[in-house]
Amino acid sequence: MDYWRKSNKVFLSFGIPPTIWLFAFFLGPLFLVWGLSFGEKQGIIRVAITGTLENYLRALQPLYLQIFLKSFWYAGLTTFFCLVISFPVALAITFVSDRWKPILLLLIILPFWTNLLIRTYALIAVLRTNGYLNDLLELIWQSADSGLRILGLGDWNLLGERFHRFELLYNNFAVVYGLVYVHLPFMVLPLYAALDRMDRSYIEVSLDLGASQWRTFLSVIVPLALPGIISGVIITFIPALGTYLTPDLLGGTDSQMIANVIERQFKSANDWPFGAALSFLLMYLTFFALSVRALLTNHDEKGLA
Amino acid sequence: MEINHKAHFMADRPVILQIQKVVKRFGNIHAVNGVNLTIHEGEFFALLGPSGCGKTTLLRMLAGFEFPNEGSIKIDGEETKDVPPNQRPVNMVFQSYAVFPHMTVFDNVAYGLRVVNVPREEIKERVKDALALVKLDGYNSRKPDQLSGGQRQRVALARALVKRPRVLLLDEPLSALDAKLREAMQLELVKLQKAVGITFLIVTHDQDEALSMADRIAVMENGVVRQVAHPRELYESPNCKFVADFIGRMNLFSGIVEGHEDGGRLKVKTELLGKLTISYNEKLSGELHLAVRPEKLRISSEILPPSHFSFPGEIDAVVYHGSETHVYLKTDAGPLLCATLTNISRSSIRPKRGDRLWIGWAPEDTLVLSE
C-alpha cells in the first residue's frame with residue numbers, strides 16, 4: 001500500500017481546488033484590474049488596453065496625493081486611538097477571572113456578527129444633532145444648571161443660557177470616531193493574545209525587584225507584547241486605510257478617503273482605468289507599509305514571537 | 001552533638017522572619033492553615049512538602065504576591081500587612097527564572113537597581129560583583145536565548161542578590177535542571193549562601209534538596225507545618241507518620257499499646273512481631289505506628305543475635321540501584337518490608353527472589369509514632 005503522503009493523487013486532489021479558486025476569484029480579477037490600469041477609455045463601456053501610463057500620472061496629481069495623504073493620516077489616527085483604547089481593555093481581559101474572560105471576549109467580538117451597515121447607521125443615530133449622545137450631554141447640562149440654580153447662582157448663566165447641541169456628525173471627527181469603533185476588535189484581539197500568552201512571572205519579577213506598576217508596564221509588559229502590538233497595528237491600519245463605507249456615511253464633503261474616490265471612478269465617473277490605477281497605487285503603498293513592518297521586526301523578534 | 005551546637009548558634013541570631021498563625025484561603029480551600037515559623041538571620045531554611053501543601057502560597061505571601069486572610073508576617077521586625085511586593089526587603093527567584101527575554105544579562109541584573117534610581121557607576125559595580133558571584137563574568141551582553149537553563153538560573157539569582165535582600169526566597173529553584181547539574185547547584189547554593197550571609201528560604205518538594213542544603217527544614221502537609229527540625233533530626237526522629245513516610249523510605253506497621261513497664265518502656269502488640277518492648281518516654285495508649293528505616297534492617301541466613309528483633313521471611317523482589325540494592329521482603333507473619341543493602345564491595349552477597357532468611361533490627365532503631 002502506498003504511503004498516502006507520498007501519493008501524487010492525494011497531493012493533487014487537495015492542492016488543485018484551492019489553486020483554481022485562488023486563480024479564478026483572486027489573481028485573475030486582480031490581473032484584469034491591473035491590465036485596465038494601463039488602458040484608455042473609448043466610449044461609454046469600451047476600454048482599450050494601450051499600455052499608457054496616463055492613469056498613474058493622473059493619480060499622482062496633488063489633488064489625489066492629498067487624498068492619499070489624508071487617508072494615511074486618518075488610518076494612522078485610527079490606529080493610534082485603537083491602540084491607546086485597546087491596551088487597557090486587553091490587559092483587563094487578561095487579568096480578570098476565568099469566569100469573566102469569555103464574556104468580555106464575547107462583548108469584543110459581538111460587533112463582528114452585526115452587519116457593518118447597521119452598525120454605522122446606529123452610530124449615526126447616536127452622533128447626530130438630535131441623537132443620543134447630544135441628549136445625554138443635554139441631560140448633564142440641565143442637571144448641572146439646576147444644581148447651580150439651587151446654589152443660587154442661576155442668574156449668572158455660568159453654563160450659557162441654554163444647551164447648544166454639538167455638530168458631531170458629517171465631519172472628520174465622525175469619520176475617525178467611526179473608524180476607531182469599527183476597528184477596535186482588530187486591535188484588542190491580537191493584543192489580548194500576546195498578553196495572555198505572556199508568563200505572569202515576568203510581571204511579578206519586575207514588582208519583586210522594586211519596580212512600580214507603571215515602570216513594569218513600560219519596561220516589561222509593552223516590550224513583551226510588542227509582537228501583538230505590531231500585529232494589531234498592521235491589521236487595524238490596512239483595512240482602515242481602504243475604508244469606504246465609514247467616510248461615505250459619517251463624513252462631510254471634505255472627509256472622503258481614497259476608497260471613496262476609487263468607488264466613484266468605477267461608478268458615477270465611469271472611468272475604470274483611472275480607478276484601477278488608484279487601486280493599485282493604494283495596494284503598492286500598503287505593501288510598502290508591510291515591508292517597513294517586516295524590516296522593523298526582523299532583528300528583534302527572536303524569542304518573542 | 002555537632003548539629004545541636006549549630007542549632008544553638010542559629011537560634012542566637014536575631015529573628016528575621018516571624019510568621020504567626022498565618023491563614024490563607026482560596027474560596028473554601030485553606031491553602032495555608034495556621035502556620036507559625038521563626039527564621040533567624042543567616043539561616044538556610046527549607047519549606048518541604050508535596051505539591052499542594054501550601055508551601056508556595058506561603059512563599060508568595062512573604063514576597064507580597066498574596067496576602068494572608070489571618071495572622072501576621074513580620075520581616076525584620078516590620079509588619080508586612082499591606083506592603084506591596086515592590087516595597088519589601090525580600091527578593092524572589094522564580095521557578096521559571098523569568099529572565100526578561102528582551103534584555104541582556106547585564107540589563108536583567110541591573111533592572112532592580114535602575115528602577116530605584118541607583119547611580120549609574122554603582123550599578124555597574126554591583127552588577128559586576130553579582131555576576132562574578134554566580135560565575136557569569138563576561139556574559140554581560142548575552143541575551144537569555146543564548147544561555148543554558150543553568151546559566152539562566154544564575155542570572156535570576158544574580159538579579160535577586162544584587163538587590164541585597166534581607167531574605168532571598170527561592171521557589172523550586174532547581175526543579176528545571178537535570179540531575180547532575182542539580183546536584184552541583186545544590187552545593188553551590190549552600191556555598192553562595194554562606195558567602196553572602198543572606199537568609200535563604202527555599203521551597204521544594206524534593207527531600208534530597210532540602211536535606212542536603214538546609215540548616216533547618218519545615219515539613220508541610222495540607223497547609224500545616226508538621227515538623228520543624230534539622231535534616232538529621234527530621235530523618236532519624238520524625239514526629240509523626242506523615243513526616244516519617246515523606247522523608248526517605250520507611251517501613252511502617254501498626255501496633256496496639258498493651259501496657260507500660262518501669263523505666264519508660266512500652267509494651268506493644270504487633271501483627272508482625274507479636275509482643276515486644278521498646279523504650280519510650282511518654283505514656284501512650286491505643287493504636288500507634290512503629291517504623292524502621294530500610295537501611296537499619298538486617299537480613300541474614302541465620303537467626304540474629306538476641307539483642308535484635310528477629311523473625312523469618314522470604315525475598316519477594318530485588319531491585320538493583322547501583323550503589324545500593326533494595327530488597328523487598330515478605331515476612332511469614334504477613335507484612336511486607338523493604339531493606340536497603342549498601343553495595344560496599346563488588347563481591348557483596350547477591351540476594352535472590354525466593355531466598356528464605358531471617359529479618360530483624362536493633363530495638364533502638366524502632367520509631368514510635370503516635371499519629
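**Notebook: a two-chain predicted model**

I began with A:Val10, which counts as partly exposed because it has 13 C-beta neighbours inside 10 Å. The cut-offs I used are these: a residue is buried with 20 or more other C-beta atoms within 10 Å of its own, exposed with 12 or fewer, and partly exposed in between, the C-beta atoms being placed from the backbone. I located A:Val10 in helix H1 (residues 8–36) of chain A. Helices (H or I, at least four residues) and strands (E, at least two) are DSSP runs, numbered from the N terminus. I also looked up the separation of the C-alpha atoms of A:Val10 and A:Pro102, which are 92 residues apart along the chain, and found 39 Å.

**Conventions**

I noted that this is a predicted model, in which local features need pLDDT of at least 70 and side-chain atom pairs count only at pLDDT 80 or more, while totals for chains, interfaces and linings use all residues. Residues are numbered from 1 along each chain as its sequence is written, and chains are lettered from A and ligands numbered from 1 in the order in which they are written.

**Chain A as a whole**

I recorded 13 helices and two strands for chain A. The radius of gyration of chain A is 26 Å, well over the 19 Å that the globule rule gives for 305 residues, so chain A is more spread out than a compact globule. This radius is taken over C-alpha atoms, and the globule rule is 2.2 Å times the number of residues to the power 0.38. The C-alpha trace of chain A spans about 85 × 60 × 35 Å along its principal axes. Of the 305 residues in chain A, 28% are buried. I then took the contacts in chain A between residues at least 6 apart in sequence, and 72% of them join residues at least 24 apart. Two residues are in contact if their C-beta atoms, placed from the backbone, lie within 7 Å.

**Helix pairs in chain A**

I examined helix H3 (residues 62–95) and helix H10 (residues 226–241) of chain A, whose axes come within 9 Å and cross at roughly 140 degrees. Axes are lines fitted to C-alpha atoms, for helices over the stretch in contact, and angles run from 0 to 180 degrees between N-to-C directions. H3(A) and H10(A) are therefore oblique to each other. Angles under 35 degrees count as roughly parallel, over 145 as roughly antiparallel, 65 to 115 as roughly perpendicular and the rest as oblique. The residues that meet include A:Phe72 and A:Leu83 in H3(A), and A:Ile229 and A:Phe237 in H10(A). By class, this contact of H3(A) with H10(A) has nine nonpolar, six polar and no charged residues. Ala, Val, Leu, Ile, Met, Phe, Trp, Tyr, Cys and Pro count as nonpolar, Asp, Glu, Lys and Arg as charged, and the others, Gly among them, as polar.

My next pair was helix H5 (residues 116–127) and helix H7 (residues 172–197) of chain A, with axes that come within 11 Å and cross at roughly 135 degrees. H5(A) is thus oblique to H7(A). In H5(A), A:Leu116, A:Thr120, A:Leu123 and A:Leu127 meet A:Ala174, A:Gly178, A:Tyr181 and A:Val182 of H7(A). I sorted the residues of this contact into six nonpolar, two polar and no charged.

**Chain B**

For chain B I noted nine helices and 20 strands. Its C-alpha trace spans about 75 × 50 × 40 Å along the principal axes, and 37% of its 371 residues count as buried.

I looked at H3(B) and H5(B), which pack at an angle of about 30 degrees with their axes 7 Å apart. That makes H3(B) roughly parallel to H5(B). Among the residues making the contact are B:Val105 and B:Tyr111 of H3(B) and B:Ala158 of H5(B).

I also checked backbone angles. Most residues other than glycine have a negative phi. B:Lys135, however, has a positive phi near 60 degrees, and lies in the loop between helix H4 (120–133) and helix H5 (149–161) of chain B. B:Asn222 has a positive phi of about 50 degrees, and sits in the loop between strand E9 (216–221) and strand E10 (224–229) of chain B.

**Where the chains touch**

Last, I found 19 residues of chain B in contact with 18 residues of chain A. On the chain B side, strand E6 (90–93) and helix H3 (105–114) are the elements that give two or more residues. That side has eleven nonpolar, five polar and three charged residues.
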